[in-house]
Amino acid sequence: MIYFDNSATTKVADSVLDTYVKVSQNFFGNPSSLHAVGQKADDLLEQSRQQVADLMGVKASEIYFTSGGTEGDNWVIKGTAMEKAPFGKHIITSQIEHPAVINSMKQLEKLGFDVTYLPVNKAGFVSPESLAAAIRPDTILVSIMAVNNEIGSVQPIHEIAKVLAKHPTIHFHVDAVQAIGKGFDALLREPRIDFLSFSGHKFHAPRGIGFVYAKSKRVFQPLLTGGGQEKDMRSGTENTPAIAAMAKALRIVLTDEAKKVAQQLAIKRHLLAHLQTKENIVIFSPDAANFAPHILCFSIPGVRGETIVHAFEQKQIYISTTSACSSKKGVESSTLKAMAIPNHIAESAVRISLDDQNTLAEADEFIQAFDEIYNHFAKLYV
């Protein structure tokens with residue numbers, strides 16, 4: 001089996017799973033309990049928080065544990081809206097955000113908020129100039145992703161930060177789910193960013209765990225109220241085993257990060273070089289510094305994306321259409337639509353997404369399978 005769908009989810013690392021099991025067995029107490037068993041779990045919880053904070057270069061008090069990227073996006077966006085509504089109801093985002101962001105915005109629109117959805121150019125990038133032009137006196141939040149999950153375009157976060165430096169009261173949220181461990185540390189440590197959301201299952205942690213970085217003194221409201229966990233900001237008994245496992249996974253993914261990124265980029269370049277020898281192939285993820293090293297999106301016009309996915313599946317090679325959230329529902333690519341890609345090309349798009357576990361040997365096997373599939377469909381459709 002060759003697994004090239006790592007932007008959808010990654011396999012839990014063996015050592016990370018081992019941590020999860022051991023913590024489940026030995027630290028099973030409720031961290032909120034006063035007795036020794038609960039205190040033992042709480043101590044490990046706070047050690048994990050400190051480890052995540054140290055790895056991210058922030059304060060432990062700025063790390064909040066969540067169930068994943070979707071909750072993180074929803075929380076920051078809606079929590080900011082709830083807190084800052086008396087000061088304004090205008091929010092700015094882009095047309096290519098993850099559904100967790102887009103659908104949060106749509107909910108807020110129903111509640112009376114005004115949302116500006118910035119367009120992107122034909123390559124998939126937001127313009128800092130268009131952002132600057134969209135800012136109003138009642139703007140309370142800007143939410144722009146770091147790395148697009150469909151084509152891998154890296155948004156100009158530093159340039160956007162320069163625009164927002166002139167507007168210190170506006171919250172700046174970045175969905176960083178696809179950026180962690182991919183060589184974007186400088187981007188993620190941009191000081192103007194107020195909130196970052198992450199999902200553990202994108203870097204070999206279990207599903208159902210993630211974290212949010214929230215800059216000190218940036219006020220937003222909780223979505224989940226109850227027992228007052230996470231400093232009254234995210235109630236619910238903490239998932240200590242998953243938190244400890246995620247902290248370990250984060251340490252692993254950031255160890256030798258440059259080497260791992262170089263490996264993924266070498267595989268992407270190898271695949272790109274072959275795809276570019278074929279006629280009628282449209283590439284959306286070029287080899288460029290402002291594109292992620294692990295995402296390669298392309299299209300074979302005339303052949304639907306799901307047909308291509310299943311053709312590779314027959315050879316035990318697993319890729320996806322443009323995103324996991326849309327592929328099973330048959331929803332068109334929001335990113336390619338925003339880029340004004342014609343429908344007959346967009347509906348043929350598929351995505352390869354790599355990880356440090358992938359190899360050049362796997363890429364060679366993919367190329368062999370690709371040639372067989374391409375030649376087959378070329379006779380029928382192309």
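Of the 382 residues in this protein, 56% are buried. Keep in mind as you explore that the model is predicted.

**Overall build**
- The chain forms 15 helices and twelve strands.
- Its radius of gyration is 21 Å, close to the 21 Å that the globule rule gives for 382 residues, so the protein is as compact as a globular protein of that length.
- If you follow the C-alpha trace along its principal axes, the protein spans about 70 × 50 × 35 Å.
- Take the contacts between residues at least 6 apart in sequence: 73% of them join residues at least 24 apart.

**Surface and charge**
- The protein has an accessible surface of about 16,300 Å², and carbon and sulfur atoms account for 54% of that area.
- There are 38 positive and 40 negative charges, and their mean positions lie 2 Å apart.

- In soluble globular proteins, nonpolar side chains tend to be buried together.
- Here, the largest nonpolar core has 67 residues, and Phe172, Phe211, Leu250 and Phe284 are those with the most contacts inside it.
- Helix α9, which runs over residues 240-254, gives the most to this core, with nine residues.
- Have a look at Phe284: leaving aside its neighbours within four places in sequence, its contacts include Ile151, Phe291, Leu336, Met339 and Ile345.
- Phe298 is another residue in contact with Phe284.
- A second, separate core has 28 residues, among them Ile2, Phe298, Ala311 and Ile317.

Definitions and conventions:
Residues numbered from 1 in each chain as written. Predicted model: local features only at pLDDT ≥ 70, side-chain atom pairs only at ≥ 80, totals over all residues. Heavy atoms only, no water. Helix = DSSP H or I, 4+ residues; strand = E, 2+ residues; numbered from the N terminus. Rg over C-alpha atoms; globule rule 2.2 N^0.38 Å. Buried < 20%, exposed > 50% of the residue type's maximum accessible area, 1.4 Å probe, protein only. Contact = heavy atoms within 4.5 Å. Areas by Shrake-Rupley, 256 points an atom, 1.4 Å probe, with all protein chains shown as cover. Lys, Arg positive; Asp, Glu negative; His and termini not counted. Charge placed at Lys NZ, Arg CZ, Asp CG, Glu CD. Core = buried A, V, L, I, M, F, W, Y, C linked by side-chain atoms within 4.5 Å.
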